[in-house]
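Please read the following note beside the sequence and the model. The points are numbered so that each can be checked in turn.

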Amino acid sequence: MASQDWFEKDFYAILGVPADADDAQIKKTYRKLARQWHPDSKPGNTAAERKFKEIGEAYAVLSDPEQRRQYDAIRSMSRGGARFTAGGPGGGTAGFEDVFSNLFGGGGGNVRFSTGGGGQANFEDILSMFGQGGAYAPGAGAGYGPGFGSPGRGADLQAQTSLSFRDAVEGTTATFSVQGRPVTTRIPAGVKDGQRIRLRGKGAPGPGGDGDLILTVHVEPHPVFGREGNDLTIELPVTFAEAALGATVPVPTLDGATVKVRLAPGTPGGRVLRVKGRGVRGKNAPGDLLVKVNIVVPQRLSDAARAAVETLRAEEDGADPRADLFAKARS
């Protein structure tokens, strides 16, 4: 992302969160907006694509503690009408060393920062002092330009992308923006929420070789399926009769197919049935589909059904299903 954007764009306003929002609020709001403006849900809508990119850019900065700290400092400088002057002893200006230390973790040398008149600082000029060519992104295992880290090697850059649950499980090709340029890469099957992928040579260019791009993947939740490692999970509603008498019932799978599972007579609610090989494709073997039985209690009963249930209750008279529970609780 071009550093000048950090002066011009209000990422808090883009996400619609206050400046003191915590990480959980920022993440929750981002996921809601990402689902709302995802291009897949609005095909052909260029405005939605732009909005989705803006949301992603804002989240990429505000979700990273270091980038957010730097952004807040830069925005504070911008609001103050900041300017920079060459300073020295007796220069009479407010020390830039503190600002420099906050932003880059180093001393300020003989540069001084002043908030008095003179207009706004050009952040591109500031960064050019450090070999960044007017753009900055935090590195991960590489230097920030000449004189920082590996000599002459381009900086490692950070980027984020959001995937649907299905795309994360099955793998997909993602395109996203890094400092104003599009980057397209293949996302492997089975990527997890929050997982980082290192893309070699996709970072900032440098005379000693290009840096890497560290891509953080965010996975949107699915309304039906969950995930535990390489296993997929699903809750299966069954009737009381199916659970009590036994039945063979269909179960949907993530790929759109259907499998059948056998309920043994007397299957209790909460029991987990395992369907082999219907989970996430792993390096060796795929995971499984874990089917959790959820017995649905009817909300309304016909006269005949009520009579049948009352007959069942009479048959069970004297049996206490909680006796074992209380015995263990007293032990």
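1. Basis of the note. This is a predicted model, in which local features need pLDDT of at least 70, side-chain atom pairs count only at pLDDT 80 or more, and totals for chains, interfaces and linings use all residues. Residues are numbered from 1 along each chain as its sequence is written, and side-chain values use heavy atoms, with hydrogens and water left out.

2. Strand E10. Ala247, Val249 and Val251 point to one face and are buried (under 20% relative accessible area, with a 1.4 Å probe and protein chains only).

3. E10 runs antiparallel to strand E11 (residues 258-263), and six bridges join them; two strands pair if DSSP finds at least two bridges between them. Pro250 has Lys260 in E11 as its bridge partner. The two strands form a hairpin with five residues between them, and Gly256 in the turn has a positive phi of about 95 degrees.

4. The open sheet. Four strands, in the order E8-E9-E13-E12, form an open sheet with mixed pairing. Its edge strands, E8 (226-228) and E12 (272-275), each pair on one side only. Neighbouring strands of this sheet are turned by 35 degrees against each other on average, direction ignored (axes are lines fitted to C-alpha atoms). Three bridges pair E8 with strand E9 (residues 231-239) in the antiparallel sense, and Arg227 has Leu232 in E9 as its bridge partner.

5. A pocket is an open set of points on a 1 Å grid, where a 1.4 Å probe fits, with protein on both sides within 12 Å along at least five of seven lines; lining residues have an atom within 4 Å of a point. Helix H9 (240-245), strand E13 (289-296) and helix H10 (303-315) each give two or more residues to this lining. The lining residues include Phe240, Ile295, Leu312 and Glu316.

6. The whole protein. There are 11 helices and 13 strands, which are DSSP runs of at least four residues (H or I) and at least two (E) respectively. Buried residues make up 39% of the 331 residues. Of the contacts (heavy atoms within 4.5 Å) with a separation of 6 or more, 52% are between residues 24 or more positions apart.

Methods
Buried means under 20% relative accessible area, exposed over 50%, partly exposed in between (1.4 Å probe, protein chains only). Axes are lines fitted to C-alpha atoms, for helices over the stretch in contact, and angles run from 0 to 180 degrees between N-to-C directions.
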